[in-house]
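Please consider the structure shown below.

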Amino acid sequence: MQSKRIHILVLLVAVLLLAFLAGGCGKSGTKRANIAPTITITSYEGFDDSALLAPYANTTFSFQQKIYWSATDPDGVITGFAYRVLDQNDNPIATPGNDFIDATGAITPKNVLDKYGPGWVMHYLPNANQDIPLDSPDARRSIWTSQKYAVINFPAADANGDSLITLSKFEVIAVDNRGEITQEAAWRKFNAASARPKMHLSTSKGNPNGDEVGSGIKLTFNMEDFDPFISAVPHRYEFKMMKIKKKATTGDNYTETVIPGSQTEWINTVQPDDPVINEYLLTRYTSPALSYDVLSDDENEATYTKVIARVYDLAGVVSAKVDSIHFAVKSGFAPQTLIYHQKVYALGDNHYVDYTDENSPEIYPFTIVGGQQRFATSFFRDFEGGKTAVTSTNMKVWVRWGWNGEYGKVLESGAVQHTNNPYDKKIDDVLDRNGDNYFSEITHFDLRYDGDEYEYAPYANDPSRHVVDTDGTRWLRIPLHSPVGQTVVLTFPKTTAGTHTFEVRCVDLQGEVDPEPQKFTFNLVDFIPPEQRNGVLIIDDDSNGSDSPGALVDAKYAHMLSDYTGPKIFKKRPGETETSQLDDRRRYLSPTELQKYKLVVYHNDRPSQKGYLKFEHDGLYLFLSKGGNLMVSSTTRLAEDLEDFAKSNYKTFLAYFGLPFIGSPAEYISTSLNNRPYMQKAKGQEAYPDILLQCSALSPDGTPSFNTLVENLHGLSSVSYFKESTATVPNLLLPGTSVVYRLGCKPVDYTPRPPTAEEFARYNDRAVGIRNTTASGGRTWMFGFPLSYMYDDHAKAMMNKVLGEI
């Protein structure tokens with residue numbers, strides 16, 4: 001049985017051997033031959049010799065065609081495609097967008113040359129340096145591409161640029177992974193046509209229309225195309241420049257005469273080192289160069305510079321007409337630099353605000369400290385009028401600049417009104433100091449800081465960024481669109497204590513600089529701790545009038561402080577029109593001044609007129625946040641001020657006085673001195689002395705009031721009083737706030753003008769003076785009655801009590 005199985009196995013092996021021998025019998029040669037790939041054009045446009053497309057041989061096609069193809073290889077993979085364009089004589093030609101062809105066959109594979117010849121479009125190899133032109137032998141290039149389509153701009157013009165229906169042929173072949181090429185190229189022919197384009201010439205700042213311009217302008221070219229379904233893309237622009245004279249005829253008409261020898265040849269805007277072809281810079285140093293014109297009222301003497309231009313589209317068709325502009329080149333133009341004060345501000349531990357200004361379009365930078373936002377704010381002014389701030393190690397200063405003509409408004413008529421307001425529309429004109437538009441552009445900015453060129457690390461080792469004037473003044477020159485932009489951010493150590501100056505000037509297309517650079521000078525001051533402060537600062541916020549005579553009020557406050565032996569400084573708070581003493585936010589009081597003093601007394605004692613306490617919030621707030629001591633004396637107007645503070649979201653400032661953040665923290669008796677004149681004294685609490693109203697009927701020595709109504713009515717009505725907490729409405733005075741004075745009301749049986757019993761109950765003992773110890777360790781006092789209306793010696797005793805507490 002075993003032997004039988006062995007015999008069967010041997011028989012099977014013999015049969016298989018015979019089959020192999022039979023299969024190989026008569027065969028000779030190598031492995032199976034490679035099958036060439038095939039390719040077809042899948043687009044519908046054009047014509048060939050097929051039954052489907054041959055009928056379109058007389059059809060006119062648009063000169064620009066996007067041609068798709070598809071290739072297959074039955075025994076391999078397609079690795080690339082090559083294409084070319086042939087003219088009507090089957091000569092290879094370059095076309096716009098496919099500008100470089102292998103005309104000599106230098107890089108074309110031999111099998112392609114042998115079968116089809118040269119002229120294939122060249123392409124960069126992957127990762128090749130595309131800064132090297134394709135027609136350079138150093139370029140890494142090939143005729144093969146992985147693209148499966150090509151955009152071809154077929155010629156459609158004669159040698160003069162006139163529109164002409166032109167026959168061209170497109171061919172494409174494929175190659176497989178063994179180097180085998182298609183044996184039949186796919187092709188299409190096109191009768192290409194293109195409409196004449198229209199040329200539009202101007203400058204980057206509009207058409208001068210014969211106006212005066214500087215010696216630096218930028219020509220702008222634009223093509224209007226009439227070919228349907230094709231983007232208006234020019235192939236090249238050309239222009240000529242010449243000098244002309246104009247002679248008036250009728251109306252606004254004139255004739256032109258070209259000055260012999262002044263006309264240039266046609267100049268092509270396509271430059272090898274500049275991809276932008278629709279602009280061309282003209283200065284006194286370019287080729288061609290601008291030269292100054294003769295400016296004269298005598299038309300026989302006056303000259304103008306004229307530029308004419310034409311455009312060729314991608315089919316080689318030239319515009320039917322040239323377009324032109326003319327202008328008079330004048331010397332003496334220069335830009336005017338601006339620093340936008342609205343965009344100059346600082347932020348640090350000692351310089352900030354804790355609220356957002358909803359009326360400002362500016363978005364201020366901010367930090368978050370203790371969960372609260374701190375926003376940048378503009379610089380204050382010191383009492384000498386200089387820009388100032390209290391600095392810190394984290395202080396940052398932002399300075400934004402620009403130029404005259406950068407911003408404005410477009411009126412309904414279409415005219416432009418230049419405003420130089422950085423929140424208006426960006427206009428980008430360039431005006432000189434006289435407001436004249438000389439059709440230039442700003443190209444660079446020169447910067448200096450503290451007497452030397454501005455330091456900017458990325459440009460430190462670039463010699464082209466450093467400019468030295470003839471007098472040795474050094475500048476850092478930055479391009480218009482550099483990373484710096486038009487704003488510097490100054491940080492430590494540039495923001496240490498001291499006087500600093502930032503300088504900037506604009507540079508225009510002429511290469512001219514602003515002869516009067518803009519300067520922003522500011523003084524940064526170190527923080528003064530409370531224990532190092534000395535003296536009393538008295539701020540008079542009373543406009544002079546019969547109800548607040550300036551000299552008399554000053555004398556009364558001087559008497560109140562007569563026992564104090566330290567420095568006493570009296571300052572008059574300017575009105576809104578006295579802007580030279582106010583900062584950009586109409587503030588007068590700077591923390592750099594306030595922090596010098598142990599106590600600041602702020603009085604707005606004129607009943608008939610509201611002061612400017614609201615505008616002084618920022619400086620006083622920063623002063624209080626750093627341990628400052630502040631006393632406020634006011635009238636009925638105080639209730640209005642506190643309501644304004646609440647509306648403006650001055651929450652922390654109110655808290656420094658022990659007042660809650662509510663709509664109306666205080667109320668008042670009357671806005672008229674003639675109505676409800678019921679206050680006759682301030683009754684001292686917490687060991688504070690009583691203060692009598694000064695009038696002959698109440699003063700211990702019979703001293704009369706300077707105010708006739710108060711003198712005759714024996715009482716004061718212009719009084720604010722503070723809301724106090726109750727069991728049902730707590731925290732109307734914050735915890736830790738003390739009432740130091742209560743209103744002493746005129747008795748109901750007093751003559752003249754007594755209160756009713758109901759009025760007496762309403763006003764008597766109201767809180768008219770409060771004291772609070774701030775979280776920063778300072779103290780505040782707020783009086784709803786004017787101290788200058790009170791009896792001198794009593795007010796002096798109160799002031800001595802206050803001075804004793806600090």
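The side chains of Lys681 and Asp690 form a salt bridge with an N to O distance of 3.9 Å; the term denotes a side-chain nitrogen of Lys or Arg within 4 Å of a carboxyl oxygen of Asp or Glu. Lys681 is partly exposed at 28% relative accessible area, and Asp690 is likewise partly exposed at 38%. Here buried means under 20% relative accessible area, exposed over 50%, and partly exposed in between, with a 1.4 Å probe and protein chains only.

The model is predicted: local features need pLDDT of at least 70, side-chain atom pairs count only at pLDDT 80 or more, and totals for chains, interfaces and linings use all residues. Residues are numbered from 1 along each chain as its sequence is written, and side-chain values use heavy atoms, with hydrogens and water left out.

Across the whole structure, 47 salt bridges are found. One of them joins Asp446 to Arg477, whose closest N and O atoms are 2.7 Å apart. This pair links distant parts of the chain, 31 residues apart, with Asp446 in strand S32 and Arg477 in strand S35; strands are DSSP runs (E, at least two residues) numbered from the N terminus. Asp446 is buried at 0% relative accessible area, and Arg477 is buried at 18%.

An open sheet comprises 3 strands in the order S13-S15-S19, with antiparallel pairing; strands pair if DSSP finds at least two bridges between them. Strands S13 and S19 stand at the edges with a single partner strand each, so one side of each lacks a neighbour in the sheet. Strand S15 is joined to S19 by 5 bridges, and Lys218 has Leu281 in S19 as its bridge partner.

How values were computed. Helix = DSSP H or I, 4+ residues; strand = E, 2+ residues; numbered from the N terminus.
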